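Take a look at the sequence and the fold, then read on.

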Amino acid sequence: MSKPPQLPGVPEARRDPCLRRFPLRRLRVPIGAGQTSLVVPDEQVWRRQGTWTADVTRGKEPPYWIRIWPAALAVARTLMRLRGLGGFRVLDLGCGLGLPGVVAAGAGAHVTFADVEPDALAFAAWNARQQPGCVHDPVPRLVDWSRDVVDGLFDLILLSDVSYHGKHHAPLRRH
């Protein structure tokens, strides 16, 4: 019995000019009967280096995008149970690392990742391209969804851990 092909990992990600600025690690996320493999920033190393701790101390928001949050995992698991995403136009809005969009790309969807953080978009798009079922190049869009609307027509909009306040509801409805 042959082994499944090895997905690109940390050494390959280090060739990407944006991704290599971060300490990296491989994250295997159990979804359904299998798992999705991502390359992500190593948060513990990054925190020890003080790269973002000083910014947070000065009042900036923490880099929420560097974690896979519970709602993203739930959305990704729901997508894995769906059949027939091939050809769907999917928007992963406020994507962060983009786990739901990565899963959708691996299922053959046309995925647009939208986030206000350029580094989040770089990780989401890179990881989507590495999925065996990805047949459409993912589209990263740098956008603040709370102020602007992502151009395009979408069959499915994925939201996970993006709406914590009532002020977010109207911008989300615009999409």
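Among contacts in the protein chain between residues at least 6 apart in sequence, what percentage join residues at least 24 apart? The figure is 59%. Keep in mind that this is a predicted model.

**The whole chain**
- You can count seven helices and six strands in the protein chain.
- If you walk along the sequence, they come in the pattern α-β-β-α-α-α-β-α-β-α-β-β-α.
- The protein chain has 175 residues, and 44% of them are buried.
- Its accessible surface comes to about 9,900 Å², and carbon and sulfur atoms account for 53% of that.

**Zooming in on helix H4**
- Helix H4 covers residues 70-81, which makes 12 residues.
- From its first C-alpha to its last, H4 reaches 17 Å, close to the 16 Å expected at 1.5 Å a residue.

- Which residues of H4 are buried? They are Ala-72, Val-75, Ala-76 and Leu-79.
- These four sit on the same side of H4, because they cover an arc of only 100° around the axis.
- Here's the general idea: an α-helix has 3.6 residues a turn, so residues three or four places apart point the same way.
- Over on the other side of H4, Pro-70 and Arg-81 are exposed.

Technical notes: Residues are numbered from 1 along each chain as its sequence is written. This is a predicted model: local features need pLDDT of at least 70, side-chain atom pairs count only at pLDDT 80 or more; totals for chains, interfaces and linings use all residues. Side-chain values use heavy atoms; hydrogens and water are left out. Helices (H or I, at least four residues) and strands (E, at least two) are DSSP runs, numbered from the N terminus. Buried means under 20% relative accessible area, exposed over 50%, partly exposed in between (1.4 Å probe, protein chains only). Contact means heavy atoms within 4.5 Å. Accessible areas come from the Shrake-Rupley method with a 1.4 Å probe; for residues, only the protein chains shown count as cover. The expected span of a helix is 1.5 Å times one less than its number of residues. The arc is that of the directions from the helix axis to the C-beta atoms.
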